[in-house]
Amino acid sequence: MSPILETKALVKRFGGLTATNDLNLSIDAGELRCLVGPNGAGKTTLFNLITGKETPTAGEIYFMGEAISRLPVHEITRKGIGRKFQVPNVYESLTVYENVAVAVHRLLPTPALFRKSVAAELGDRIAAVLGDVTLSDKREMPAAYLSHGEKQWLEIGMVLASAPRLLLLDEPTAGMSAEETKKTVRLIRDLSARRLTILLIGHDMQFIRAVAHKVTVLHKGQIVAEGDIGAIETNRLVRDIYLGKV
Amino acid sequence: MRSQPARLLFAAGVLVALALPPVAGKYYTELLSQALIFGIFAMSLDLLWGYAGVLNFGHAAYFGLGGYLVALLAREVQGFDQSYLGYALAVLLPVVLAGALGYFLFYSHVTGVYFTIITLVVTMIFQLIVSDWYWLGGMNGLLGVPGFALHGPSGLGWEFDSEAQVYYVLLVVSAICYLLCRYIVRSPFGLVMAATKDNQERTEFFGYDTAYLTTIMFMISAGLAGLSGALYAHFSGFVSPPLFGLNFSTDVIVWVAVGGRGTLVGAFVGAVLVNLLKAIISDFLAVLWLLIVGLFFIVTVFFFPDGIVGTLRRTPWRAPRPLPRAASMREGGV
């Protein structure tokens, strides 16, 4: 199977700091991959590079065979890469329904944005997404009033509504209660079962064990280990990195 | 969903607006007519400032451009009716200018205060040009712009010359402009604009070219400002450099702030109220009136940061839906 996402010799330097160092990552279509690594390993930088927020110093990123590293954020997103940020990043002043509507409307060409009737046509899709993330009963509430966990779900829902082929999740369970985390695990497994490709950044090993099959360990901008969760957990080098020995 | 009292208030407002000319008399009818033109102008700023979160401190540039175009056409082009062409160009040229500015500024990520400062410079450049170029009338401006008229084929047509007729024409034009703006802000485009104002980064990460969309909003806003400038030229019969002035650019911000930013109707409420107040107070306080109007502005903004209409919309008779004031990076000061 050809990879949906591939980075080749990817390098990103910020002044003297090398955040991404000769990184070769390959994700297959339909895969659920987890990125782990200590703080400063370059996980979020990698997401910034993939989505076009940062431009690589060297190397290239291929999405479905196409080089994307010099494209602006919105064009990369339109090719089918959806991103959920680490800190919930929703439209606080808009209602839950409007939040999802913004994401859904992007599937339309710009001139159609001036037709009011399209809002009604997309209603079913919005309702389905709200059902997926269990926020149907809060649709008229301004997003500012949601709990932290609800905001996280809302953002995941919004990204899903924009119909991505590759979903990037940056610590989706950060700040969630145990109950909320469980629900999120169910949601991610469900999405993966629908053959959506997911690349997620995780900290919490229990959570990673619950969702991921294959884990990639980053350290100082490089891949130091890759394999299934069992092998990674017993890997000596990985343990040393987490204990700060390397 | 409008509540019953809000509907009644709106209906009462429309009735008062319709019944005014005979009651108000010539002087106040003219004043209100001018305030309606200013209301359209203020609404065009509200589109950009209230709905896209971009403060244009040189919005007078587009008003002045529309007005000067109409005045120039009236002087230079004879033998055919220039008013329709005048209106078309008065909308088109500001749209093109805004498109060019938006392209260079928004695509270079010039937003917030920096955008505001550049727009200020643009209008000052225009003011310099029209003040110093004799062909454009210099400090005297351009005189002799004909009044409002509707012309049909083969000489058919109406001229609107009484104060009341002019007032009603402007009332109709204002209503059309208002409905157009309301349609825009309630369309999916308006929603995406609101999203961009709230969180530009998130919107880009949904695949929207926010620079492009903001430029479109800027162009619509500029076109409407140009139209109001053209109306003003026909209404007052002359144009002069202060139309491009910093004072006028500031006035329109005050009208929007007093009436209520992001409300559309507030633009008219602010323009009518402030201009009425100016006229009444300057009648008996020849020197101090500006100070009083300034104080009124400060008090309004201090006690009603949402403006008059914005505050009314949050009063108990409406279903409560207080919006959190999310501070946006895009917004300029004031």
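Chain A contains an open sheet of 6 strands, arranged in the order β6-β7-β8-β3-β9-β10 with mixed pairing. The edges of this sheet are formed by β6 (81-84) and β10 (222-228) of chain A, each of which pairs on one side only. On average, and with direction ignored, neighbouring strands are turned by 20 degrees against each other. The structure described here is a predicted model.

Within this sheet, strand β3(A) is joined to β8(A) by 4 bridges, and the two strands run parallel. In this pairing, Leu32(A) stands opposite Ile198(A) of β8(A). Strand β3 (residues 32-36) of chain A also pairs with strand β9 (residues 214-219) of chain A, again in the parallel sense and over 4 bridges. Here Leu35(A) is placed opposite Thr216(A) of β9(A), and Val36(A) has Val217(A) of β9(A) as its bridge partner. Of the 5 residues of β3(A), 4 are buried, so the strand is largely enclosed by the rest of the structure.

Helix α1 (residues 43-51) of chain A lies across β3, β6, β7 (166-170), β8 (197-201) and β9 of chain A, and runs at about 150 degrees to β7(A). Helix α6 (residues 148-161) of chain A packs on the sheet as well, where it touches β6 and β7 of chain A. The direction of α6(A) makes about 175 degrees with that of β6(A).

Two residues of chain A were examined for their backbone geometry. Most residues other than glycine have a negative phi. In Asp22(A), by contrast, phi is positive, with a value near 50 degrees. Asp22(A) belongs to strand β2 (residues 17-28) of chain A, and it is classed as partly exposed because 15 other C-beta atoms lie within 10 Å. Met64(A), likewise a residue other than glycine, has a positive phi near 50 degrees. Met64(A) is located in the loop between β4 (58-63) and β5 (66-67) of chain A. With 16 C-beta neighbours inside 10 Å, Met64(A) is therefore counted as partly exposed.

The contact between the chains takes 25 residues from chain A and 21 residues from chain B. On the side of chain A that touches chain B, the elements giving two or more residues are α2 (73-78), α3 (96-105) and α4 (117-121) of chain A. Among these, α3(A) gives the most, with 5 residues. By residue class, this side of chain A divides into 12 nonpolar, 7 polar and 6 charged residues.

In chain B, the packing of two helices was characterised. Two packed helices are described by the angle between their axes and the distance between the axes. The axes of helix α2 (residues 60-76) and helix α3 (residues 83-106) of chain B come within 9 Å and cross at roughly 145 degrees. The crossing of α2(B) with α3(B) is right-handed. From α2(B), the contact is made by Tyr62(B), Leu65(B), Gly66(B), Leu69(B), Val70(B) and Leu73(B). The residues on α3(B) are Leu85(B), Gly86(B), Leu89(B), Ala90(B), Leu93(B), Pro94(B), Leu97(B) and Ala98(B). The residues of this helix contact comprise 12 nonpolar and 2 polar, with no charged.

The largest nonpolar core has 162 residues, of which Ala42(B), Met43(B) and Trp255(B) touch the most other members. Apart from residues up to four places away in sequence, Ala42(B) touches Val252(B), Trp255(B), Val256(B), Ala267(B), Gly270(B) and Ala271(B).

A further position in chain B, Gly141(B), lies in the loop between α4 (112-132) and β1 (149-151). Gly141(B) has 18 other C-beta atoms within 10 Å and is therefore partly exposed. When neighbours within four places in sequence are left aside, the contacts of Gly141(B) are with Phe238(B), Val239(B), Ser240(B) and Pro241(B). The C-alpha atom of Gly141(B) is separated by 22 Å from that of Leu92(B), the two residues being 49 residues apart along the chain.

Technical notes: Residues numbered from 1 in each chain as written. Chains lettered and ligands numbered in written order. Predicted model: local features only at pLDDT ≥ 70, side-chain atom pairs only at ≥ 80, totals over all residues. Buried ≥ 20, exposed ≤ 12 C-beta atoms within 10 Å, placed from the backbone. Contact = placed C-beta atoms within 7 Å. Pairing = 2+ DSSP bridges. Axes fitted to C-alpha atoms, helices over the stretch in contact; angles between N-to-C directions. Nonpolar A, V, L, I, M, F, W, Y, C, P; charged D, E, K, R; others polar. Left-handed = near helix turned anticlockwise from the far one by under 90°. Core = buried A, V, L, I, M, F, W, Y, C linked by C-beta atoms within 7 Å.
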